[in-house]
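Subject: Structure handover

Hello,

Here is the structure I promised to pass on. Please open it alongside this note.

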Amino acid sequence: RDGITPREIVRAELYALMRPADAKRAEAFLGEAAADGSIHALEALGRVYSAGPRRDPVKSEAYYRASMLRGNWPVAMRLAPRLPRQDDLVAELMAHQVISNLNRMRAARGLPPLGYDPRPGLDEFSRAMGAAIRMSANS
C-alpha cells in the first residue's frame, strides 16, 4: 500500500525480532513494504536476520545488499563482520534474487519493476556533511 511510514517499518522489525508469535506476519509486512519500494524495509529485513533466533548471516547480508542496490548506500557504511568469500558470493547473488522476487510481486500487481538507484539522497547528504564540517571548523 502507499504511504508506509518509518514507524510501521520499525514496529514490524521489532515484532519480527521480539515477538515470535508475530514474526512471520512482521516479515511478510516488511516484504510487502519492500515490494512497494521501501529500501528501509529491505534494510530492516537485513537486521532481522542478523540477530536473534532467525539469525542467518548470508540472508542478512543479501537483504542489506538488496537495499544498497535499490539506493540505500549508507547501509554500506555499517560495521559488520565480513563473510567468508563463498558466503559473500552467495549473498551477492541472493541480493539480486531478492530484487527479482520483488519485481515478480510488482508485476503480478501490474506495477513497474523497481529500479536500481545508486544515489538517492547522496547530494543532500554531501551538502549536510559539508555544512557540519564547516560548522565544526568554525567552532
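Let us start with helix 2. Its buried residues are A23, A26, E27, L30, A33, A34 and A35. Buried means under 20% relative accessible area, exposed over 50%, and partly exposed in between, with a 1.4 Å probe and protein chains only. Helices are DSSP runs of H or I with at least four residues, numbered from the N terminus.

Two notes on the source. This is a predicted model, where local features need pLDDT of at least 70, side-chain atom pairs count only at pLDDT 80 or more, and totals for chains, interfaces and linings use all residues. Residues are numbered from 1 along each chain as its sequence is written, and side-chain values use heavy atoms, with hydrogens and water left out.

Helix 2

Helix 2 covers residues 23-35, which is 13 residues. Its end C-alpha atoms are 18 Å apart, and this agrees with the 18 Å it should span at 1.5 Å a residue. The expected span is 1.5 Å times one less than the number of residues. The cover over the buried residues of helix 2 includes helix 1 (6-18), helix 3 and helix 5 (85-108). After helix 2 comes G37, with a positive phi near 115°.

E27 is worth a look. E27 lies in helix 2. It counts as buried because its relative accessibility is 12%. Leaving out residues up to four places away in sequence, E27 touches A16, L45, V48, Y49 and R54. Contact here means heavy atoms within 4.5 Å.

P20 counts as exposed, because its relative accessibility is 73%. The C-alpha atoms of P20 and R54 are separated by 9.8 Å, yet the two residues are 34 apart along the chain.

Helix 5

Helix 5 has 24 residues. From first C-alpha to last it reaches 35 Å, close to the expected 34 Å. A91, A95, V98, I99, L102, N103 and R106 are its buried residues. They pack against helix 2, helix 3 and helix 4. G110 follows helix 5, and its phi is positive, near 80°.

How do helix 2 and helix 5 meet, and at what angle do their axes cross? The axes come within 9 Å and cross at roughly 75°. Helix 2 is therefore roughly perpendicular to helix 5. G31, E32, A34 and A35 of helix 2 make the contact with L102, M105 and R106 of helix 5. Axes are lines fitted to C-alpha atoms, for helices over the stretch in contact, with angles from 0 to 180 degrees between N-to-C directions. Angles under 35 degrees count as roughly parallel, over 145 as roughly antiparallel, 65 to 115 as roughly perpendicular and the rest as oblique.

Helix 4

R65 lies in helix 4 (residues 57-69). R65 is buried, because its relative accessible area is 12%. Beyond its neighbours within four places in sequence, R65 is in contact with D88, A91, E92 and A95.

Rings

Last, the aromatic side chains. The count comes to 1 aromatic pair. Y49 and Y63 are stacked, at 5.8 Å centre to centre and 15° between the planes. Y49 is in the loop between helix 3 (39-48) and helix 4, while Y63 is in helix 4, 14 residues apart. Both Y49 and Y63 are buried. Rings of Phe, Tyr and Trp (its six-membered ring) pair if their centres lie within 6.5 Å; planes under 30 degrees apart count as stacked, over 60 as edge-to-face and the rest as tilted.

Best wishes

How values were computed
Helix = DSSP H or I, 4+ residues; strand = E, 2+ residues; numbered from the N terminus.
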